[in-house]
Amino acid sequence: MPEEHESEQQEQPDETPVDSPTGWVAAHIRRYDRSGGKEGAKWYGLDTLLLTTRGRKSGKLRRTAVIYGRDGDNVVVVGSNGGKPEHPLWYLNLVASPEAHVQIGEEHLDVRARTATAEEKPELWKLMTGLFPQYKSYQKKTTREIPVVILEPVEK
């Protein structure tokens, strides 16, 4: 009888997302994740999603919570970073690697991100500032142009 060899399995890298280091955001993500999206999808009355990107330097999965809007089938987010001079890290990760994952409530979507064009941005900016007017004051605080990001669902 031929000797059976155990198939050698390559060790898989840990693909558990690293959550935002910001305390209140991390707490929000934990609540959202642990409840399977039943809790946390609303934050002070605003719709939020969990966005998982691939770190452009580390290669690790990174997860944060972001306010979102809808434009047809697309999901729209804003890289405001509270009006700080630099883009949020999640946005820089999406620019480097546009494939990402979102959880909206109990729904999971694979998406491809792209920054809204100059032609698309005014309408999407109006949509997002209608949902969260503070984006306008964030734009006034900074010299950088705050990006609006379109997350287009993709089939896997």
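## Salt bridges in the predicted model

The side chains of D19 and R63 meet in a salt bridge, 2.7 Å from N to O. The pair links distant parts of the chain: D19 sits in strand β1 (residues 18–19) and R63 in strand β4 (residues 61–67), 44 residues apart. A salt bridge here is a side-chain nitrogen of Lys or Arg within 4 Å of a carboxyl oxygen of Asp or Glu. By this rule the count comes to 11 salt bridges. Helices (H or I, at least four residues) and strands (E, at least two) are DSSP runs, numbered from the N terminus.

This is a predicted model: local features need pLDDT of at least 70, side-chain atom pairs count only at pLDDT 80 or more, and totals for chains, interfaces and linings use all residues. Residues are numbered from 1 along each chain as its sequence is written, and side-chain values use heavy atoms, with hydrogens and water left out.

R63 also forms a salt bridge with D33. D33 lies in helix α1 (residues 23–34) and R63 in strand β4, so this pair ties together parts 30 residues apart in sequence.

Another pair is E152 with R114. E152 lies in strand β9 (residues 148–153) and R114 in strand β8 (residues 107–115), so parts 38 residues apart in sequence are tied together.

| Pair | Closest N and O atoms |
|---|---|
| R63 and D33 | 3.4 Å |
| E152 and R114 | 2.9 Å |

R63 is buried, at 13% relative accessible area. Buried means under 20%, exposed over 50%, partly exposed in between (1.4 Å probe, protein chains only). D19 is partly exposed at 24%. D33 is partly exposed at 37%.
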